[in-house]
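Me: I have a chain open on my screen and would like to learn how to read its features. Could you walk me through them?

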Amino acid sequence: MPSTIICPYCGSEITVPTPLASQERGLMAVCEKCHRPIAVYPGFTFMQLHEDRSIKAVAVEVKKYVEGVCLEVMESPLTRHQEIQLPEGKSMIGQHNADSDTDLQILTGDLDLARNHAILWLKKDGTLLVQDNASRSGTFVNGIRLKKGDWMRLNPGDVLLFGATTCIVHLPEDEDAEPWF
């Protein structure tokens, strides 16, 4: 997932790769405008120094992904099978587009899936919520259309419909949860 930063040399807004939290040494990027190297480190810090002191460094936010939490995008004539891991916090989900800053992008030919279709919110306690983002075709959970502005809690196995794109919710099973049937 790329991040947008301000070049520490020329002040241009540029897109750089987001390093994983485990990549303590960071990643190298080059400003598209001034063509100078930038070291990109994970996390929030006021000052990062690269081992080569002539190279300026920036820190970017790294989202925490929770094991077992994902959306399974079902194969259709317009969409190939995909598995999209979900990070903690709020994430916008929508159709893949190279110029889009949507957090979770689905590769599809589904024209009813908007670029910024819905918001998924994975809370720190593991609760997953969904909200439609005023999409034209709506967001459905188990066949029920979400009302504008309403959040709906998702459970393992729930079926989401974004446009004509179907997704299955995967969450770690809660051993104390009551069966739904």
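Me: How many bridges join β3 to strand β4, and do they run parallel or antiparallel?

Reply: In general, strands of a sheet pair through backbone hydrogen bonds, either parallel or antiparallel. Two strands count as paired if DSSP finds at least two bridges between them; strands themselves are DSSP runs (E, at least two residues), numbered from the N terminus. Here, β3 and β4 (residues 37-42) are antiparallel and joined by 4 bridges. For one of them, look at Ala29, whose bridge partner in β4 is Ile38. Do keep in mind that this is a predicted model, where local features need pLDDT of at least 70, side-chain atom pairs count only at pLDDT 80 or more, and totals for chains, interfaces and linings use all residues. Residues are numbered from 1 along each chain as its sequence is written, and side-chain values use heavy atoms, with hydrogens and water left out.

Me: What is the strand order in the open sheet of 3 strands?

Reply: The order is β3-β4-β5, and the pairing is mixed. At the edges lie β3 (27-30) and β5, each pairing on one side only. From one strand to the next, the twist averages 35°, taken between lines fitted to C-alpha atoms, with angles from 0 to 180 degrees between N-to-C directions.

Me: How many disulfides does the count come to?

Reply: A disulfide is a pair of cysteine sulfur atoms within 2.5 Å. By that rule there are 0 here. Cys7 is in none, as the nearest cysteine sulfur, that of Cys31, lies 3.7 Å away. Cys34 is also in no disulfide, and for Cys34 too the nearest cysteine sulfur is that of Cys31, at 3.7 Å. As for cover, Cys7 is buried at 3% relative accessible area, whereas Cys34 is partly exposed at 24%.

Me: And what does the chain have overall in helices and strands?

Reply: The chain has 0 helices (H or I runs of at least four residues would count) and 16 strands. Of its 181 residues, 39% are buried.

Technical notes: Buried < 20%, exposed > 50% of the residue type's maximum accessible area, 1.4 Å probe, protein only.
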